[in-house]
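I want to get to know this chain by looking things up one at a time. Here is my notebook, starting from the picture below.

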Amino acid sequence: MNTRIPKHLIICFALITLACSKDDSSSQRQTEPEQALVTNSSNNQGSASSSTMGAKQISGTGFFDANDECNVANQGATFAVKMTGDLEGCLYVYVDFYECSPSGTYREIGREKFVGTYNGGSGSFWTAYRFEGKYEGCSPDGSYLGAEILGRCQHPIVDGSGEGVFSGVSGRVDMKDDIEAGNYPYRGHFRF
């Protein structure tokens, strides 16, 4: 009886192996056309059709506008962030709502208007942002107290808000605060 079990196991293993090898070859045939599409599209990166199909990646660094180079009062904004990198200019921030939990978790929602340049052209666009951060504590009025421990912000672009070089733009900009450096590195994508 013990000699029959290994034979059955060997036969089952052989059938499973054979079935798996057939599945592997068929999956390779299915991916070959997909690989050809990837190869062909990468060869056409300079063409107009392939450049409009994908998003344009952006990156850079924002800095709190401590010297008021952006003239915040003229824009009626709460504060401004000086943007460098792919976006050069001022990001005017309009805080609409904020709250802070007893643990020091701070949430803020608002609007922003970027005014500046991209790829040598000037223009503007609006975002609807959401910021979340962790601070040392909270004030009774719902604002934060003490130093920032961490923070991040999402800035989806408001459809139809782009002007100038940003006409027709959609996409998003994300920031993750660099606490040690005291700035706001950003990454994102634009679609035109």
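This is a predicted model: local features need pLDDT of at least 70, side-chain atom pairs count only at pLDDT 80 or more; totals for chains, interfaces and linings use all residues.

**Entry 1: the order of things**

Reading from the N terminus, I get the elements of the protein chain as α-α-β-α-β-β-β-β-β-β-β-β. That comes to 3 helices and 9 strands; helices (H or I, at least four residues) and strands (E, at least two) are DSSP runs, numbered from the N terminus.

Residues are numbered from 1 along each chain as its sequence is written, and side-chain values use heavy atoms, with hydrogens and water left out.

I also looked up burial for the whole chain: of its 192 residues, 28% count as buried. Buried means under 20% relative accessible area, exposed means over 50%, and partly exposed is in between (1.4 Å probe, protein chains only). Then I checked contacts (heavy atoms within 4.5 Å). Among those between residues at least 6 apart in sequence, 46% join residues at least 24 apart.

**Entry 2: who pairs with whom**

Two strands pair if DSSP finds at least two bridges between them. I started with β1 (residues 56-64), which runs antiparallel to β9 and is joined to it by 7 bridges. Here T61 stands opposite P185 in β9.

On to β8, which has 6 bridges to β9, again antiparallel. V173 has G188 in β9 as its bridge partner. β8 is also joined to β6, by 5 antiparallel bridges, and there H155 has V173 as its partner in β8.

Next came β5 and β6, which pair antiparallel over 8 bridges. E132 has R152 in β6 as its bridge partner. These two strands form a hairpin with 5 residues between them, and G142 in the turn has a positive phi of about 95°.

Which residues have a positive phi although they are not glycines? I found D68, at about 55°, and N119, at about 50°. D68 sits in the loop between β1 and α3 (72-75) and counts as partly exposed because its relative accessibility is 37%. N119 is in the loop between β4 and β5 and counts as exposed because its value is 65%.

**Entry 3: one inside, one outside**

Is S124 buried or exposed? S124 is in strand β5, and it is buried because its relative accessible area is 7%. Leaving out residues up to four places away in sequence, S124 touches K113, F114, V115, S161, G162, E163 and F166.

For contrast I picked E180, in the loop between β8 (170-176) and β9 (184-191). E180 counts as exposed because its relative accessibility is 82%. E180 and I149 are 31 residues apart in sequence and 9.8 Å apart in space, C-alpha to C-alpha.

**Entry 4: rings**

Rings of Phe, Tyr and Trp (its six-membered ring) pair if their centres lie within 6.5 Å; planes under 30 degrees apart count as stacked, over 60 as edge-to-face and the rest as tilted. The count is 16 aromatic pairs. One cluster is formed by F114, Y118, F125, F166, F190 and F192.

A cavity is a set of points on a 1 Å grid over the protein atoms alone where a 1.4 Å probe fits but cannot get out; a pocket is an open set with protein on both sides within 12 Å along at least five of seven lines, and lining residues have an atom within 4 Å of a point. Grid points are joined across faces, edges and corners, and a volume is the space filled by probe spheres set on the points.

How many cavities of 30 Å³ or more are there? The search finds 1, and the largest cavity holds about 50 Å³. Its lining is M83, L87, L91, F114, F125, T127, H155, V173 and M175.

The largest pocket holds about 500 Å³. It is lined by 25 residues, and F79, F131, Y135, D177 and Y184 lie nearest its centre.
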